[in-house]
Amino acid sequence: MALKNGKKRIVVKVGTSTLTHKTGKTNIAVIAKLASVLSDLKNEGYQIILVSSGAIGIGMSRLRLTEKPTDTKCLQAAAAVGQCELMFLYDKLFSEYDVVVSQLLFTSEDLENKESKAHIIDTFNQLLEYDCLPVVNENDSVYIEELLNGDNDCLSATVASITNSDLLVLLTDTDGLYNCNPSENSNASLVSYVDNIDDKIKSLAGGAGKKGTGGFITKIKAAEIAVSAGIPVVITNGSRPTDLYHILQGKPVGTYFKAD
C-alpha cells in the first residue's frame, strides 16, 4: 500500500473480542502474535500506534467475574485491574523484540480541550521520535462518560487524525463489513471496498458485541472520522494479525474504506 508523503505511520485498533476467548479469559496466542507482527513492522520502518480495548474484559477475568457488571464502580474496578494486566502483557511480549511500549490514557474531554490536546500530540510525537510504541486506551477507571458510552473505534480514528497517520486498521471479530448479518444468513458476502460512506453502508452496521462497547456502528463512525481526515481505513479479522502484512502490500483484505 502506498502511504501518503512517503511516511509510514499506522494506527492499529484491537477490540476486546480479539483479545479474549469466548470464556472471557485472555487470548494469549493472539496477543503474542500481534506483538510479533507489530514489532516486525517497526523493524521494517513503520511507526505504530496501538489503540487497545480489553481492560474491562481482562479485568473481569482477573476478578473472576462471569458477567459484565452493571454498576459504575464495579466497571471502574474491572477497568483498573484489567488495564494493569493488559499493559503487563504488552510490556512483556513486546520486550521480547526489544520494543519499548508506553501507555497513554485520556478521554474525549482531553481531546476537546485545546491545551491538553496539544500536550497529547506532543507526547505522541516525542514517543515516536524515541522509537517507542504508544499503547492507547480510554481512561475508563476515572471518567464515567467514557466508561458507559465511549468506544475505542472512534478514539482510534481521532488518534489517527491528530497524529497525521497514513492508515487506520480496525481489528475485530469478523472478516469485515458484510452486506447482511453472516451469523443469520449463510449467503452474506463481504463488502471489500467502500468509496463512500452513505446511508446504505451505515444500514449494514449492527450493534455491539457481548464483551465490547462498540460494534459495526462505531466502526463506521470511526471510518467516517478517518476518511474525512484523508486517512484510509481497513476493517479486518483480528484473529489473523499476519493479515497486516497483506494490507500493507496492497492485497484485498477485509473491508477497505477509501479516504476523501
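**Helices and sheet in a predicted model**

Helix α6 (residues 114–129) lies across β1 (9–14), β2 (47–52), β3 and β4 (133–138), and runs at about 170 degrees to β3. Helix α10 (residues 216–228) also packs on the sheet, where α10 touches β1, β5 (167–172), β7 (233–237) and β8, its direction making about 150 degrees with that of β7. This is a predicted model, in which local features need pLDDT of at least 70 and side-chain atom pairs count only at pLDDT 80 or more, while totals for chains, interfaces and linings use all residues. Residues are numbered from 1 along each chain as its sequence is written, and side-chain values use heavy atoms, with hydrogens and water left out.

**The sheet**

- Eight strands form an open sheet of mixed pairing, in the order β3-β4-β2-β1-β5-β7-β8-β6, where strands are DSSP runs of E of at least two residues and helices are runs of H or I of at least four, numbered from the N terminus.
- β3 (101–106) and β6 (193–194) stand at the edges, each with a single partner strand, so one side of each is left without a neighbour in the sheet.
- β6 pairs with strand β8 (residues 255–257) in the parallel sense over two bridges (pairing requires at least two DSSP bridges between two strands), and the bridge partner of Y193 in β8 is Y256.

**Helices α2 and α4**

- Helix α2 (residues 28–44) and helix α4 (residues 72–95) pack at an angle of about 50 degrees, with their axes 9 Å apart; axes are lines fitted to C-alpha atoms, for helices over the stretch in contact, and angles run from 0 to 180 degrees between N-to-C directions.
- The contact (heavy atoms within 4.5 Å) is made by I31, A32, A35, L38 and S39 of α2 and L89, Y90, L93 and F94 of α4.
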